[in-house]
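This briefing is intended for a reader who is new to protein structure. Please examine the sequence and the model shown here before reading the notes that follow.

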Amino acid sequence: MLTEQQVRQFHEEGYLFLPDTFTQDEVAVLKSEAEAIYRQERPEVWREKSGAPRTAFAAHLYNEAHGLLARHPGMIRPVEQLFGEQVYMHQYKINAKASFTGDVWQWHQDYGTWARDDGMPEPRAMNIAVFLDEVMPINGPLMLVPRSHTHGVLAAGHDTSTTSYPLWTLDEQTVTDLVEKGGIVAPTGKPGGLLLFHGNLVHGSAGNITPYPRKIVYLTLNAVSNYIRKPTRPEWIAHTDFTPIVPTDDGALTRYAQRLQQAAA
Ligand code: SIN
Ligand code: MN
């Protein structure tokens, strides 16, 4: 569970970074399974203009390890605590930010998309990032503008050309004004780090021209009462199964990782 101080920091800053939350066993299996998923040709796997993987949607529905992460109590419980109710999975994606060719994510707010494209009533969905690779200052870390979540949904334009993935993006003046007030942070650290951030927090990331990939799983857990009212995107991008998540026990993902290691030995 989160401490009072952590809850306060989340509300004030719009994010909370908890390094070293998942064990190296847990992350190792999630990472190797992510690499196997990227090798598959399936509609859920989006590629950069270069052909490198960009993101794999809904992996929790077709991969057992990611299915266990999606129900991990270490993540579900804090979000239930913050929202005061049960949650369901609105979106699950594994972003690759591939070595040398990983492309940018322009500055945006996620709730802007959930409201405009999915008909989500309130910004009561939580973004959670789980680091699968080491996230460094140089390999395209996620950048956040602290406190930018307090301004509601900002005006945005639908950018369908900069990258292979359409996104409602913010203009330079808006970002400049917010950064003047809040600055920019880019949490970095070893695989296994966990970052929670508010649906209205402005964020983005630069391209990756280093040899170091930067895989991050992003889960969006939505409060059950805040289910989406007007879905327009494919079901595997914005889920319409609003069943509350029942967390696994604490050790489920670790046991699965150990079973795979034993089978491979
Ligand atoms: C996102 O904002 O959804 C992804 C950003 C990133 O992976 O850097
Ligand atoms: Mn985003």
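In helix α6, the buried residues are Asp110, Tyr111, Gly112, Thr113, Trp114, Asp117 and Asp118. The structure is a predicted model, and the points below are grouped by topic.

**Helix α6**

- Helix α6 spans residues 110–118, and seven of its nine residues are buried, so the helix is largely enclosed by the rest of the structure.
- A residue counts as buried when its relative accessible area is under 20%.
- Directly after α6 comes Gly119, which adopts a positive phi of about 70°.

**The manganese site**

- Three residues coordinate the manganese ion (ligand 2): His108 through NE2, Asp110 through OD and His203 through NE2.
- The coordinating distances run from 2.1 to 2.2 Å.
- Along the sequence, the donor residues of this manganese ion follow the spacing H-x1-D-x92-H.
- Both His108 and Asp110 are buried.
- Asp110 therefore belongs to two parts of this account, as it is a donor to the manganese ion and one of the residues of α6 that are buried, the helix being largely enclosed.

**The surroundings of ligand 1**

- His108 has a polar side-chain atom 3.0 Å from an oxygen atom of ligand 1.
- For His203, a polar side-chain atom likewise lies 3.0 Å from an oxygen atom of ligand 1.
- In the side chain of Lys93, an N or O atom is 3.3 Å from an oxygen atom of ligand 1.

**Strand β11 and Gly204**

- Gly204 is located in strand β11, which covers residues 203–205.
- With a relative accessible area of 1%, Gly204 is buried.
- In sequence, 45 residues separate Gly204 from Asp249, and in space their C-alpha atoms are 33 Å apart.

**The largest pocket**

- The volume of the largest pocket is about 260 Å³.
- Its lining consists of 13 residues, of which His60, Leu61, Met89, Asp241 and Ile245 are the closest to the centre of the pocket.
- Helix α3 (59–62) and strand β4 (87–95) each contribute at least two residues to this lining.
- Sorted by class, the lining of the largest pocket comprises six nonpolar, four polar and three charged residues.

Terms used: Residues numbered from 1 in each chain as written. Chains lettered and ligands numbered in written order. Predicted model: local features only at pLDDT ≥ 70, side-chain atom pairs only at ≥ 80, totals over all residues. Heavy atoms only, no water. Donors = N, O, S within 2.8 Å, 3.2 Å for Na, K, Ca; no water. Buried < 20%, exposed > 50% of the residue type's maximum accessible area, 1.4 Å probe, protein only. 1 Å grid on protein atoms, 1.4 Å probe; cavity = no way out; pocket = protein on both sides within 12 Å on 5 of 7 lines; lining within 4 Å. Points joined across faces, edges and corners; volume = space filled by probe spheres on them. Helix = DSSP H or I, 4+ residues; strand = E, 2+ residues; numbered from the N terminus. Nonpolar A, V, L, I, M, F, W, Y, C, P; charged D, E, K, R; others polar. Polar contact = N/O pair within 3.5 Å; in protein donor to acceptor, adjacent residues only side chain to side chain.
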